[in-house]
Amino acid sequence: MIIVMEPKATAEQINIVKNSLEKKGFKIILNEGDVMTVIAAIGDKRLVDPASIASFDGVREVKLIQEPYKLASREGKEEDTVIEFPNGVKIGGLERPVMMVGPCSVEKDFEGLLRVAEAAKEMGCQFLRGGAFKPRTSPYDFQGLEGKALEYLAKAREMTGLLIVTEVMDTADVPLVEDYADIVQIGARNMQNFKLLKAVGKCPKPVLLKRGAAATIREFLLAAEHIMCNGNEKVILCERGVKGFDSTFTRNTLDIAAIPIIKKYSHLPVIADPSHGTGRRYLVEPMSKAALVAGANGLMIEVHHDPEHASSDGAQSLSIPLFKETQRRLNKLIGRIDYDNRQLKTQIK
Ligand code: PEP
Ligand code: MN
């Protein structure tokens, strides 16, 4: 911890801070400059509340050096986490990026879902996504088919071999959803639902954690830490856009820089969702490409058999023909990325 004192801080004020930290077992290094004094306190910062140090007279600023997330951090585990599924699909590290595609919501028309799943399979995708429990801004909008949707997803998995990603919104539904899903999704709105994070932390299936629309990267990693410290270290992080100041052209602002930033500070796989990240169909392809080049370990894209009549998020959903065209180009790009150097430095050959 670094404590920067005010230029006018008195020797007594500096001593009070120093003594208080020494009493708590910190080793103190004083740096008395011409203008101000900086105190470096080395020790276990869990023994002291940084806010209480900041409230001492004469203190200008308290800075934490160590990140508060431990299990999610690269400091504790240097090598990339690679999550492997029973069918051999892998997410993370230098593995080929995975594709998770499907409708926003699973709807009544099973044939429609199957057509999307078959197209996904044909294009080499690994996962079928689809919401059974839908977090909707309006209570009057479609809320999801719940158990019926889970059955549809399982049937589509049986018919295509695709793995299933679907969201859980309530701790009470975790046993049901984990029974059906290959990846349990925590949506952006629940990124800081700590009881839910704890519940999926005890679940045997990998968790796809979406970034909250107003969450900092630190808060995002701490949300992952909640899952990991409850026993589940198979966490995939998903950048899905944050609230920007201009919603004229996009629904959210996809934070592409978050991808290499998170990969620098965490070993966990990171994917991007350009559908919710932009809210606009025409932006899905360019943002997908940007995310891949920035080092994403995969993409989540909404695809619907009839976007004009979708129960949710039709405006950002790709039709099946558009998805196929897009995926063809994405596959080409994926083939050209130099994965040996991708970890921190993406290169196009
Ligand atoms: C979703 O992926 O179905 C979804 C609701 O996304 P988000 O939680 O990112 O809004
Ligand atoms: Mn959606």
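Me: Among contacts in the chain between residues at least 6 apart in sequence, what percentage join residues at least 24 apart?

Reply: The share is 68%. Contact here means heavy atoms within 4.5 Å. This is a predicted model, where local features need pLDDT of at least 70 and side-chain atom pairs count only at pLDDT 80 or more, while totals for chains, interfaces and linings use all residues. Residues are numbered from 1 along each chain as its sequence is written, chains are lettered from A and ligands numbered from 1 in the order in which they are written, and side-chain values use heavy atoms, with hydrogens and water left out.

Me: What percentage of the residues count as buried?

Reply: Buried means under 20% relative accessible area, exposed over 50%, and partly exposed in between, with a 1.4 Å probe and protein chains only. Of the 349 residues, 51% count as buried.

Me: How do I read the packing of α3 and α4?

Reply: Two packed helices are described by the angle between their axes and the distance between the axes. Axes are lines fitted to C-alpha atoms, for helices over the stretch in contact, and angles run from 0 to 180 degrees between N-to-C directions. Here α3 (residues 110-122) and α4 (residues 147-160) pack at about 40°, with axes 10 Å apart. That makes α3 oblique to α4, because angles under 35 degrees count as roughly parallel, over 145 as roughly antiparallel, 65 to 115 as roughly perpendicular and the rest as oblique.

Me: Which residues make that contact?

Reply: From α3, F110, L113, L114, A117, E118 and K121; from α4, Y152, L153, K155, A156, M159 and T160. They divide into eight nonpolar, one polar and three charged.

Me: Is N232 buried or exposed?

Reply: N232 has 3% relative accessibility, so it counts as buried. N232 sits in the loop between α7 (217-228) and β12 (235-239). Its side chain reaches the backbone oxygen of V200 at 3.2 Å. A polar atom of the N232 side chain also lies 3.0 Å from the backbone oxygen of C203. Leaving aside residues up to four places away in sequence, N232 touches V200, G201, C203, K205, V207 and I227.

Me: Where is K263, and which residue does its side chain join by a polar contact?

Reply: A polar contact is a pair of N or O atoms within 3.5 Å; within protein, one must be able to donate a hydrogen and the other to accept it, and residues adjacent in sequence count only if both atoms are side-chain atoms. K263 is in helix α8. Its side chain meets that of N297 in a polar contact of 2.6 Å. K263 counts as buried, at 4% relative accessibility.

Me: What does α10 bury?

Reply: The buried residues of α10 (residues 281-293) are L283, V284, E285, S288, A291 and L292. They pack against α8 (258-265), β13 (270-272), α9 (274-278), β14 and α11. Just after α10, G295 takes a positive phi of about 110°.

Me: Where does E146 lie?

Reply: E146 lies in the loop between β8 (127-129) and α4. E146 is not a glycine, yet its phi is positive, about 50°.

Technical notes. Helix = DSSP H or I, 4+ residues; strand = E, 2+ residues; numbered from the N terminus. Nonpolar A, V, L, I, M, F, W, Y, C, P; charged D, E, K, R; others polar.
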